[in-house]
Amino acid sequence: MEKNRNTVRLAKMGMLVAIAVVLVYFIHFPIIPAVPFLEYDPADISILIGTFAFGPLAGVILTVVTSFVQGLTVSASSGAYGIIMHIIATSVFALTAGLIYKKNKTKKGAVIALAAGTAAMAAVMCPANLMITPLFMGVERSVVVSLLPYIILFNIIKAGINSIATFFLYKRISGFLHR
């Protein structure tokens, strides 16, 4: 019985990864004209729904798998850099939101979890960009420093949009995921 339950859970998680990749394929666009290389995509919605349904560790696993599949297919142009940055950003988001939501599975708990996840993602992506971007993009750290306000704004907007969508979609989908 437990083996069957794990197989079903794994299949549902696989479906969430597939949805995330399809969403990125169809929806990705720059949201701040000054930094058009920072593109919004809704992949985190599927990952956050899986995080709320299956827990924070599942959210990290969904993030890693989605990042690799996405990075090797629909977002291949960003290469290893894109995979690494997506894993860092979304893992922090999912882990933070998932840990909070796990302890308080209410609407208020979801709002707090998603807001904290958004803040954590925006905060972590500053040092991540300062350390990783110069290595992969061949730019001086001072260039990244000058872009930090845009990086923070981008992450808040992206995570905010995905949080709002997750908030409104999760309860509608959770029944299926918990069956």
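**Buried, exposed and in between**

Guide: Let's start with Ser-75, which touches Val-24 and Gln-70, leaving out residues up to four places away in sequence. Keep in mind that this is a predicted model.

Visitor: Where is Ser-75?
Guide: Ser-75 sits in the loop between helix 3 and helix 4.

Visitor: Why is Ser-75 called buried?
Guide: Buried means under 20% relative accessible area. Ser-75 has 16%, so Ser-75 counts as buried.

Visitor: Which residues does Gln-70 touch, not counting residues up to four places away in sequence?
Guide: Gln-70 touches Val-21, Val-24, Asp-41, Ala-43, Ser-75, Ala-76 and His-86. Contact here means heavy atoms within 4.5 Å.

Visitor: How do you know whether Thr-90 is buried or exposed?
Guide: Thr-90 comes out at 2% relative accessibility, so Thr-90 counts as buried. Thr-90 belongs to helix 4.

Visitor: Which residues is Thr-90 in contact with, leaving aside its neighbours within four places in sequence?
Guide: Those are Asp-44, Ile-47 and Thr-63. Take Asp-44: Thr-90 and Asp-44 are 46 residues apart in sequence, but 6.8 Å apart in space, C-alpha to C-alpha.

Visitor: Then what makes Val-22 count as partly exposed?
Guide: Exposed means over 50%, buried means under 20%, and partly exposed lies in between. Val-22 has 46% relative accessibility, so Val-22 is partly exposed. Val-22 is in helix 1.

Visitor: Which residues form the nonpolar patch on the surface?
Guide: Val-22 is one of them, along with Tyr-25, Phe-26, Ile-27, Phe-29 and Val-74. Together they have about 580 Å² of accessible area. Helix 1, residues 2–26, gives the largest share of the patch, three residues.

Visitor: What about the inside: which residues touch the most other members of the largest nonpolar core?
Guide: Phe-52, Phe-54 and Met-125 do, in a core of 39 residues. Helices 1, 2, 3, 4, 5 and 6 each give two or more residues to this core. Helix 5 supplies the largest share, eight residues.

Visitor: How many helices and strands does the protein have?
Guide: Six helices and two strands. From the N terminus on, the elements run α-β-β-α-α-α-α-α.

Visitor: What makes the protein as compact as a globular protein of that length?
Guide: Its radius of gyration is 16 Å, and the globule rule gives 16 Å for 179 residues. The two values are close, so the protein is as compact as a globular protein of that length. The C-alpha atoms fill a box of roughly 55 × 35 × 25 Å along the principal axes.

Visitor: How much of the protein counts as buried?
Guide: Of the 179 residues, 44% do.

Technical notes: Residues numbered from 1 in each chain as written. Predicted model: local features only at pLDDT ≥ 70, side-chain atom pairs only at ≥ 80, totals over all residues. Heavy atoms only, no water. Patch = residues over 30% accessible without salt bridge, like charges linked within 9 Å, V, L, I, M, F, W, Y side chains within 5 Å. Areas by Shrake-Rupley, 256 points an atom, 1.4 Å probe, with all protein chains shown as cover. Salt bridge = Lys/Arg side-chain N within 4 Å of Asp/Glu carboxyl O. Helix = DSSP H or I, 4+ residues; strand = E, 2+ residues; numbered from the N terminus. Buried < 20%, exposed > 50% of the residue type's maximum accessible area, 1.4 Å probe, protein only. Rg over C-alpha atoms; globule rule 2.2 N^0.38 Å. Core = buried A, V, L, I, M, F, W, Y, C linked by side-chain atoms within 4.5 Å.
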